[in-house]
Amino acid sequence: MALNLVMLGPPGAGKGTQAKTLAAARGIPHISTGEMLREAVAAGTDIGLRAKAVMEKGQLVSDEIIVGVVRERLAKADARGGFLLDGFPRTVPQANGLDAILARFGLTLDRVVAIEVSEETVISRNTGRWVCPKDGTVYQVKTAPPKRAGLCDLDGTPLVQRPDDQEPQIRQRLREYHQKTDPLKDHYRGKGLLLEVDGSQAADQVYASIVSALRSAAGGR
Ligand code: AP5
């Protein structure tokens, strides 16, 4: 059965980690707006050029740009069999934009999974995150370190840190989250779609909690 999901959570909550595994298990596309924007920045597209400075400061890209990016992505055929949106929507106008996009395709959202973690966890996970610039593999110095320090396990490429993973930028991303994204929990709770999961556990336990919450919400199926 097609599953149309949104994953919410503060920076470093583990949205990307969980979304990747869940989307693969369900055979649905994992659509990360952060990843799409980083690809646009790397490719130097018009959207990338407009987004770069905003992202590096830890602020949100405009609703207009991001809703356009998601509209284009959800129009692709692979999204007709379900999708997992990671990091979108992040504002109430984006949630309304998503409703309009889904209505156009005759779709609805099935569930919104919110991953909850403390502020200390956010700082510790993001400052310790290293990424392979070649294949995008994500490491964490404490919880998921590479086998050889500073090098990707898959191809030996030197790992890099995201420009927005310095502490001042992480704190700015948290401020944006509290001001603009947190209200979405009430928005989706009111629609009966919200499932809240404790993200402070180890990644495999968080995954088990998400699967169990989805199963309970579907009446045990
Ligand atoms: P985006 O890339 O979406 O960043 P984010 O929301 O800040 O989320 P992160 O990618 O930092 O964290 P995550 O929750 O995915 O955690 P991860 O699994 O990687 O967006 C970047 C920027 O793009 C935004 O700031 C904004 O400028 C722009 N943007 C994107 N979408 C937008 C939108 N809709 N509107 C406007 N602007 C938008 O995990 C983090 C680390 O912790 C990793 O090292 C991982 O290995 C580790 N880890 C994960 N889970 C666990 C665990 N359970 N235990 C221990 N370690 C763990």
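Author: Leucine 5 stands opposite a residue of strand 3, namely leucine 84. This is a predicted model, in which local features need pLDDT of at least 70 and side-chain atom pairs count only at pLDDT 80 or more, while totals for chains, interfaces and linings use all residues. Residues are numbered from 1 along each chain as its sequence is written, and side-chain values use heavy atoms, with hydrogens and water left out.

Reader: How many bridges join strand 1 to strand 3?

Author: Strands are DSSP runs of E with at least two residues, numbered from the N terminus, and two of them pair if DSSP finds at least two bridges between them. Strand 1 (residues 3–8) and strand 3 (residues 82–86) run parallel, and the number of bridges joining them is five.

Reader: In what order do the five strands form the open sheet?

Author: The pairing in this sheet is parallel, and the order is 2-3-1-4-7. Pairing on one side only is found for each edge strand, and these are strand 2 (30–32) and strand 7 (194–198).

Reader: Which element gives the largest share of the shell around the ligand?

Author: The ligand is surrounded by 36 residues, each having a heavy atom within 4 Å of it. Helices are DSSP runs of H or I with at least four residues, and those giving two or more residues to the shell include helix 1, helix 6 (119–127) and helix 9 (203–217). The largest share, four residues, comes from helix 2.

Reader: What distance separates an oxygen atom of the ligand from a backbone N or O atom of glutamine 59?

Author: Glutamine 59 is among the closest residues to the ligand, as is Arg129. For the side chain of arginine 129, an N or O atom is 2.6 Å from an oxygen atom of the ligand; for the backbone of glutamine 59, the distance is 2.5 Å.

Notes. A polar contact is a pair of N or O atoms within 3.5 Å; within protein, one must be able to donate a hydrogen and the other to accept it, and residues adjacent in sequence count only if both atoms are side-chain atoms.
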